[in-house]
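My entries are below, in the order in which I made them.

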Amino acid sequence: FCLLIELGSFSAVARYLSINQSTVSRRIASLEECLDLLLLKRNTRSFMITENGEKYYQFFKQQDNLFSTGIDNFRNYKQTDKITLRIAIPLGICNKIISPMLAQFLQENPQLTLHIFYQNQELDLIQENYDLAITRHIPKQQTVKIKKLYQSYLNLYCSPQYLQHYGQPNTLEELAKHLVVGGIQDDHDTVSFNTTAYKTEEQTIPLQFKARLLINSLEPALEIAQSGHAIIGGNDFIYTNELARGELVKLLPDYNFSLIELFLVRINARQHIMLDKLIGFLESCFHNNVVN
């Protein structure tokens, strides 16, 4: 009705809204019937707005302006008002890459408060009220957006003390005689490092043993390795300092073991400019710390 008054013809409104002219006419008639008022005086070529029509036009236009102002205010709210976001990330490589950068990110975005839960378990974003999560497998929920964030293969490491006690495995056959720590994925169904070694991405070699010690995070693996009685998985990025100090030794460097994948997961319904900014920050963390 407001467009009809402003554009001046039924045909112009129809073109503007990409609908039939007869539809415009029916909707105006329906509005008049609902109000039980004559808003327009029509003839075959034009119309004239009635006194009641003018009054209701001013009322409808005022409401339209109020609605538009409200939308603008909400847009401004999204950009400037304070917000708290709950996110979950796994320990290990994710913690190593993200945690050192978090404080600076918050200093640069004072309107944001983060509640971060470091964990390695199956998540229900809706049930547990998470805005965002990084997982090590594709979640079973269908109501989430998923984006692959990172992938890397594990290598094997041990301490010099381990080599003194148990010797160094130089082949996959010799490795089968050693205690190697395996991994359990977040869904508790997928066990890492017990089936396959990778010479290249195309060439896979079945392993002839299964790990007897399995953990759900790389975080405690270093402590286990430093005991001098086990071989652990990881990569050079995680153990940069330990390798430089000679506290760890890389084993079978020509092989990779177990593919690590990380997925960025968010609920479809949640929209906020700071959520988008947080996602961009997390992606930049991995982009700036590419680990092969």
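The entries run from the whole chain to single pairs and residues.

**Entry 1: ground rules**

I am working from a predicted model, in which local features need pLDDT of at least 70 and side-chain atom pairs count only at pLDDT 80 or more, while totals for chains, interfaces and linings use all residues. Residues are numbered from 1 along each chain as its sequence is written, and side-chain values use heavy atoms, with hydrogens and water left out.

**Entry 2: whole chain**

I counted elements as DSSP runs numbered from the N terminus, with helices being H or I of at least four residues and strands being E of at least two. The chain has ten helices and 14 strands.

I took buried to mean under 20% relative accessible area, exposed over 50%, and partly exposed in between, with a 1.4 Å probe and protein chains only. Of the 292 residues in the chain, 41% are buried. The accessible surface, by the Shrake-Rupley method with a 1.4 Å probe, comes to about 16700 Å² for the chain, and carbon and sulfur atoms hold 50% of that.

For contacts I used heavy atoms within 4.5 Å. Among contacts in the chain with a separation of 6 or more, 71% are between residues 24 or more positions apart.

**Entry 3: salt bridges**

My rule was a side-chain nitrogen of Lys or Arg within 4 Å of a carboxyl oxygen of Asp or Glu. The count by this rule is nine salt bridges. I looked up three of them.

Glutamate 32 pairs with arginine 42, with the closest N and O atoms 3.0 Å apart. This pair links distant parts of the chain, since glutamate 32 lies in helix α3 (residues 21-35) and arginine 42 lies in strand β1 (residues 40-42), ten residues apart. Glutamate 32 is buried at a relative accessible area of 11%, and arginine 42 is partly exposed at 37%.

Lysine 61 and aspartate 64 form a salt bridge at 3.8 Å, N to O. The two are three residues apart in helix α4 (residues 51-80), so about one helical turn separates them. Lysine 61 is partly exposed at 23% relative accessibility, and aspartate 64 is partly exposed at 35%. Glu6 joins Lys61 and Asp64 in a network of salt bridges.

Glutamate 242 and arginine 245 also form a salt bridge, at 3.8 Å from N to O. Glutamate 242 is buried at 11% relative accessibility, whereas arginine 245 is exposed at 51%.

**Entry 4: helix α2 and its cover**

Which residues of helix α2 (residues 10-17) are buried? I noted Phe10, Ala12, Val13 and Ala14. The cover over the buried residues of α2 includes α1 (2-7), α3, β1 and β2 (47-49). After α2 comes serine 18, with a positive phi near 60 degrees.

I then checked alanine 14, which sits in helix α2. Alanine 14 is buried, at a relative accessible area of 8%. Apart from neighbours within four places in sequence, alanine 14 contacts Ile19, Asn20, Gln21 and Val24. Its C-alpha atom is 9.8 Å from that of leucine 3, eleven residues away along the chain.

**Entry 5: helix pairs**

Two packed helices are described by the angle between their axes and the distance between the axes. I used axes fitted as lines to C-alpha atoms, for helices over the stretch in contact, with angles from 0 to 180 degrees between N-to-C directions. Angles under 35 degrees count as roughly parallel, over 145 as roughly antiparallel, 65 to 115 as roughly perpendicular, and the rest as oblique.

The axes of α2 and α3 come within 8 Å and cross at roughly 110 degrees. The two helices are therefore roughly perpendicular to each other. Phe10, Ser11, Val13 and Ala14 of α2 make the contact with Gln21, Val24, Ser25 and Ile28 of α3.

For helix α5 (residues 93-108) and helix α10 (residues 273-288), the axes come within 9 Å and cross at roughly 130 degrees. This makes α5 oblique to α10. On the α5 side, the contact residues include Cys94, Ile97 and Phe105, and on the α10 side they include Lys277, Leu278 and Phe286.

**Entry 6: arginine 266**

Is arginine 266 buried or exposed? Arginine 266, in strand β14 (residues 256-267), is buried at a relative accessible area of 11%. Arginine 266 and isoleucine 87 are 179 residues apart in sequence, yet 9.4 Å apart in space, C-alpha to C-alpha.
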